[in-house]
Amino acid sequence: MSVPRRGFASIAGLVVIIWLVSHAAWIKPLDDALFDYISSSLPRSDAPPAVVLVRAELRAHHFDDEYWLGLLTRLRSGEPRRIAFMMMPEGASAAFFESAANGGDVVFGRTLVLRENDLGYEGVSIEPEAAAPFNLPFGIVEPAPAVHGVHRRTPLRVEFQGQQFPAFAPMAAFGPQSVTKNGASSFLLDFSRGPNGLPQASADRILADDFNAQAFKDKVVIVGYVDDTYIPMVSTPFNGGVAQMSVLGLQGIAVDNLLSQRTVTALTDTALLPILLLLAVVLFPIFIRLRFVHGIALSAALLAVVYFAAQLSLTKLQLWLPSGPIALLIVIEFFYTAFIAMARKDQAIQAMTTGALNRLSRLDAPVSVFDSPDYWRHIADFIDARLDVRRLIILDLEGGRKPRLKEVIALNCAFADIDERRRDPSRVPYSFAAESKKPSRLTAPFFKEPQSNEEEFLLPLRFGEEILGFWAFSIEREKMVQIPLFSPLVAEYAEEIGKLLYERRIWRGVQKLSWFDRWFSFDPKRVSYNRARHAVAALGGRLKMMEDVFDLMTTAIGVFDLFGRFVAGSEKLRVLLKNAGLGVDEFDLVAILTRIANVPAAEVKRSLRYVVHQRGSISVVTSVTEQSGATLTLHVRPLQRDPDEDLGEADAAPFDLRGVIVELVDVTQLRQIYELKEGLVEKINKELRQSLQGVQHAASMMGNNTVPQVHRGRLLTLTSKKLVDAVNVLEEAQRYLDLNVHGARLECFPVELKPLIERALEAVRLTASQRGIGFRIDLENLGQEFVFADPETCRDVIMLVLNYLASRARPDTTVDLYVKQDPLNVIKRHEVVLWFMNQSEKETQASLQAKLLDDTTNSRDEYFQLRNAMRIIQTWGGALSIDVEGGKHIVVKLTLKGFF
């Protein structure tokens, strides 16, 4: 899938929007929550702390110098780097503040005073009068405002009424000389020390000299009040918004961060924008090429990468990577690209649907029979075209508490022509037809004004065990007799119509959904994917039908592109090519034409130039045969493109040709006609020669004066009869010699019988030998006999009889085939009789005749084929009979009408 430029533009706009609202109330909590989680799960720092916390009671705020000056003196004895009092004690005297000022190692903290209405600050807290003369350094003890109740930052400067004051943390860490008015105004705290990672001491114990002075050496000592009742606690990332840390502890962490250079710097908005843009540009072409499931997996993996990257940058670089905007960008970009991909797929499906429907309309492909408004008319025409009924009515059974029959279609009559008007399926004749297992021939008239030469039938239309309707029709007796296996055929039609009726009911049930069901249920008819599926299925069905047509054609046909590659073809062509020694991977046009046409490659290439450049066609006789005796002709012609057809993305071809069509046309039947004519001419020549020789002999005897007159009269009569027979032979044979090969039909043609028998034996001998069945053939009494038959069908009938006898013969026995010499037949020479016999104990005369006469089954078994063979042979003027003799032999008598 290509990536559109406007897609990049939209992604860039999306990035800018995310960047602009990255501090919005609905985005910042995501980033803060991730910071809290990472901070609370960081590994604890092993570096020695640079800060010691001294806890003082709030009541000590009004104590005198004995408390404060004594505490200061004892703290200095430990040689700390700096002593930071978070307050200026109200009870301390000037001596305390003077001592603090003279040492240069003490800083103080002051607070901002809230207004009475809590609507802001009114100023900085006033220092005690005793401290005023000494100009003591101080910092504002005010943590950065909590974000969603959690303190993550500490200020470096505090701005109030246009003035800047130093914050307490940097003042305690570096003293007055390091406080600047430029740079960042705050920083993120590093909580790697943990909630209780700083050493703490009690002011009371220090005053009692119960402390280790070495613990304060080179440390910053922070003294602050601790009172859960009057001094509010603050919340940190460790407790998820619950206030559990004192302000003294929070300031200690800030000072320790500054002294150990572990302050966390957040990525600025200016630096975040190019990162978001770069990430969006890289991810967009990746996301848009992935499937939805794979996109979800990649998004999850990227979110995990963002988490680990934020953790790594925080621990190693003291840099907080704003993960919230980045994670939001990944999620939004994934869904945006998924939407684009879905929209483009929907457009492609719509285009494919429209194209498929347009192609179907150009192909004149019919709509589904269920969609047709003339559905029942199609069913009626379907029946009439095959059974040639006189009148027809179909009744639909409507269910409910009281089932009724409803008329749906009538052919060559009207519904008023039904003599039975109550339409009750529980009444005769409907109940009788429903209980019968085969088509019910009605004895009482169903239609009004019945004809004397017609029969009436009533059949239930059922699917499974459910009756869906009834089908009534009348047919003339003459037409019914002419339809072979009438009863099973009609029963099969009723079964198929019942199945169609059931499927239509299911389809109609989907179409008739209520508006409520259509609104609250998934209706596939309203989804473009389903429309595309139907269109593609229709084209696929059309293609499959054309492939099946190709496979069933007697002509082997294939299509090759101009590069010589095999594109498509019928199964018959594949078989022919494989028989010619060409494998599937060797379907190369030049190799095929060279092998099949048996011509040099140079001549093949010259012919292809003629086909491609001059759009001509070539035809040659092939040397490839699908089976023994088959004759094929090879045709090669160009397959030109429709100039009005749109070219596909991969549909280009040289010379504006789709390819080359190769056809192998089976002309075996034409050759058979000529061969039959040749054999017929030979037979006629033999018959005429015999007749004329008799005439010549009689004429020579008549010229002999020694022959009595009475004998001459007999010779004259015999000569006249011979001449009449010769003329009759010529007249009868002339009808077949004048047969037009282009419209010839071989259903009943004079054919030589002996080659057909030999071909049939060759086809069945191998299969029979596997069961130990042999064949004993005696054809001495069969000369060059010609019989009326279709050559291929006659061979198939003989094969059927031989296979039937072999399958029912005892193992290691023989099947006999012989011709009985019938004196009457020799004289009349009007028929040829073949006798077949095996040794079997599997059949009895009664069971055999029952199977041969049973026409109620739809099974296509051997007995069905034998019944069909009997009917075909009767059309040739012959007969086929099967009997069981003595319970040990099955005897088949095949009688064929002879020629001459």
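Buried residues are those under 20% relative accessible area, exposed ones are over 50%, and partly exposed ones lie in between (1.4 Å probe, protein chains only). Helices (H or I, at least four residues) and strands (E, at least two) are DSSP runs numbered from the N terminus. The model is predicted: local features need pLDDT of at least 70, side-chain atom pairs count only at pLDDT 80 or more, and totals for chains, interfaces and linings use all residues. Residues are numbered from 1 along each chain as its sequence is written, and side-chain values use heavy atoms, without hydrogens and water.

Helix α4 spans residues 94–103, and its residues Phe96, Phe97 and Ala100 are buried. Seen down the axis of α4, the buried residues fall within an arc of 95° (taken from the directions from the helix axis to the C-beta atoms), so they line one face of the helix. Their cover includes α3 (65–77), β2 (82–85) and β3 (106–110).

Helix α25 (residues 845–853) meets helix α26 (residues 862–875), with axes that come within 8 Å and cross at roughly 70°. Axes are lines fitted to C-alpha atoms, for helices over the stretch in contact, and angles run from 0 to 180 degrees between N-to-C directions. The contact (heavy atoms within 4.5 Å) involves Leu848, Lys851 and Leu852 of α25 and Tyr863, Leu866, Arg867 and Met870 of α26.

Helix α23 (residues 791–807) also packs with α26, at an angle of about 145° and with the axes 11 Å apart. Among the α23 residues in this contact are Val797 and Leu800.
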